[in-house]
Amino acid sequence: MKFFLDTANLAQIREANALGVLDGVTTNPSLMAKEGVQGAEGCKQHYLKICEIVNGDVSAEVLATDFEGMVKEGKELASLHPNIVVKIPCIAEGIKAIRYLYGKGIRTNCTLVFSPGQALLAAKAGATYVSPFVGRLDDISSDGIDLVRKIVEMYSIYGFDTQVLAASIRHTQHIIQCIEVGAHVATCPLSAIVGLLKHPLTDSGLATFLADSKKYME
Ligand code: E4P
């Protein structure tokens, strides 16, 4: 399973990249706003900075909600850097735009997906990635991981190439569950990735080994 970092924060992207296990980055307008990015030019420069850090796919979201606007923005974003994947919301105009961009060889990430039906339309339109939002479903007492499982199964049965990118991951256990249901990618906060390393037996075992090493190294 690939790991994407779900942030527009450059310091966090550098830190995750330094671990050597980062496969890409996803951003959204809320994450960009959090970093204080200003204006269209500011956004482009920020996406370029992210692309300079990580050697992998970087999702950049369109702001238009009509077909023509999404296509125009999508082309502009894709022309910024070969690693840019155009993120498009799962609405009717978005599905049309994904289909059009697919025909032009531009890769897309269909976002804000909350049902298998939406994921089916995204795949039929030729989306490179589909992003089911796990945490936001859990927030309303629905089962986010079960949606990921259903989409993975559906794509496997029908032979779609679209990759399931589990999004809105909130914690380490979500990552483990994504592995169990066969998500192709999980986009996560840095804390959830680092959390995978934590185990008290690792810490106590290392402490013992270091203490014992002093018996023959000092
Ligand atoms: C990523 O593609 C999504 O925009 C993101 O994971 C949403 O996460 P949130 O529900 O924590 O805002």
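Asn109 stands opposite Tyr129 in β6. This pairing belongs to a predicted model, in which local features need pLDDT of at least 70 and side-chain atom pairs count only at pLDDT 80 or more, while totals for chains, interfaces and linings use all residues. Residues are numbered from 1 along each chain as its sequence is written.

Strand β5 (residues 108–113) and β6 pair in the parallel sense over three bridges. Two strands are said to pair if DSSP finds at least two bridges between them. Helices (H or I, at least four residues) and strands (E, at least two) are DSSP runs, numbered from the N terminus. Between β5 and β6 comes helix α6 (residues 116–125), and the three make a right-handed β-α-β unit. Right-handed here means that, with the strands pointing away from the viewer, the path from the first strand over the helix to the second runs clockwise.

On to the next neighbour of β6. Strand β6 (residues 129–132) pairs with strand β7 (residues 163–166), again in the parallel sense, over two bridges. Here Tyr129 stands opposite Gln163 in β7. In a regular strand the side chains alternate between the two faces of the sheet. In β6 both faces are covered: Tyr129 and Ser131 on one side, and Val130 and Pro132 on the other, are all buried. A residue is buried if 20 or more other C-beta atoms lie within 10 Å of its own, exposed if 12 or fewer, and partly exposed in between, with C-beta atoms placed from the backbone.

Eight strands close into a barrel in the order β1-β2-β3-β4-β5-β6-β7-β8, with parallel pairing. From one strand to the next the twist averages 30°; axes are lines fitted to C-alpha atoms, for helices over the stretch in contact, and angles run from 0 to 180 degrees between N-to-C directions. The protein has eleven helices and eight strands.

Strand β2 (residues 24–26) pairs with β3 in the parallel sense over three bridges, and Val25 stands opposite Val58. β3 also pairs with strand β4 (residues 84–89), in the parallel sense over four bridges, where Ala60 stands opposite Val86. With helix α4 (residues 67–80), β3 and β4 make a right-handed β-α-β unit.

Strand β1 (residues 2–6) contains Leu5. Leu5 counts as buried because it has 28 C-beta neighbours inside 10 Å. Leaving aside neighbours within four places in sequence, Leu5 is in contact with Gln12, Ile13, Ala16, Leu22, Val25, Cys188 and Leu190. Contact means that the C-beta atoms of two residues, placed from the backbone, lie within 7 Å.

The residues around the ligand include Asp6, Thr26, Thr111, Ser131 and Thr187; a residue is near a molecule or strand if its C-beta atom, placed from the backbone, lies within 6 Å of it. By class, this shell has two nonpolar, seven polar and two charged residues.

For the protein as a whole, buried residues make up 40% of the 218 residues. Of the contacts with a separation of 6 or more, 54% are between residues 24 or more positions apart. The C-alpha trace spans about 70 × 40 × 30 Å along its principal axes.

Notes
Ala, Val, Leu, Ile, Met, Phe, Trp, Tyr, Cys and Pro count as nonpolar, Asp, Glu, Lys and Arg as charged, and the others, Gly among them, as polar.
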